[in-house]
Amino acid sequence: MKKKLQVEAICKGTVIDHIPAGQGAKILRRLQLLDSELRITVGFNLPSEQLGLKDILKVENRLFTTKEANELSLFAPTATINVIEDYEVTRKFPMSTPDVLEGGFDCPNSNCISHNEPVEACFRVRKQDDDIRLKCKYCEKSFSKDIVAGI
Ligand code: CTP
Ligand code: ZN
């Protein structure tokens, strides 16, 4: 028997599932989803076998770019991106923590040479306890992910 969905199914768009609880709101902000007029349904702190509690975001009529998926992987390495067409899941992309993160984020160090050179910021990614730390390739300073993401 198909169990009842915790958040109503969508017809077409993207479902980001298995987001660690507490990260869903950050993703909405970071991807500026609330500035759009897209229909978005969210579930925060839903029970999850895998995570205990999870957040879920359902964005109608919207696909995510590779750059956005990279950003997502930082906040929600456990997440799955599901593409929905005609009420069916047509593609599923599991996220994972990248080793290197290029583009999308600027180095928080205002003295970093990456700001004066025509280069994309680039960080080495390292998990540390519950946090993810990012080390800039150019100035070699290390930052917490929330600092880099500016949230
Ligand atoms: N979903 C949705 N609308 C649809 C189809 C699916 O919102 N028309 C959502 C489901 O609620 C679920 C996610 O998309 O959160 C993935 O759907 P599905 O692959 O059917 O669920 P699971 O098998 O539980 O996925 P997983 O194995 O990734 O946990
Ligand atoms: Zn730097």
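Predicted model: local features only at pLDDT ≥ 70, side-chain atom pairs only at ≥ 80, totals over all residues.
## Basis of the model

Local features need pLDDT of at least 70 and side-chain atom pairs count only at pLDDT 80 or more, whereas totals for chains, interfaces and linings use all residues. Residues are numbered from 1 along each chain as its sequence is written, and side-chain values use heavy atoms, with hydrogens and water left out.

## Domains and their interface

The domain assignment, which is automatic or from a database, gives domain 1 (12-94) and domain 2 (100-149), and their C-alpha centres lie 24 Å apart. Contact, meaning heavy atoms within 4.5 Å, links 9 residues of domain 1 with 8 residues of domain 2.

Together the domains bury about 810 Å², 66% of it on carbon and sulfur atoms, where buried area is the accessible area (1.4 Å probe) that two parts lose on being put together, summed over both. Of the area that domain 1 buries against domain 2, R30, L74 and F75 supply 62%, more than any other three residues.

## The second largest pocket

A pocket is an open set of points on a 1 Å grid over the protein atoms alone, where a 1.4 Å probe fits, with protein on both sides within 12 Å along at least five of seven lines; lining residues have an atom within 4 Å of a point. The second largest pocket holds about 220 Å³ of space, the volume being that filled by probe spheres set on the points, which are joined across faces, edges and corners. Its lining has 14 residues, and P20, F75, P77, D130 and I132 are the closest to its centre. Because domain 1 and domain 2 both give residues to this lining, the pocket lies between them.

How values were computed. Chains lettered and ligands numbered in written order.
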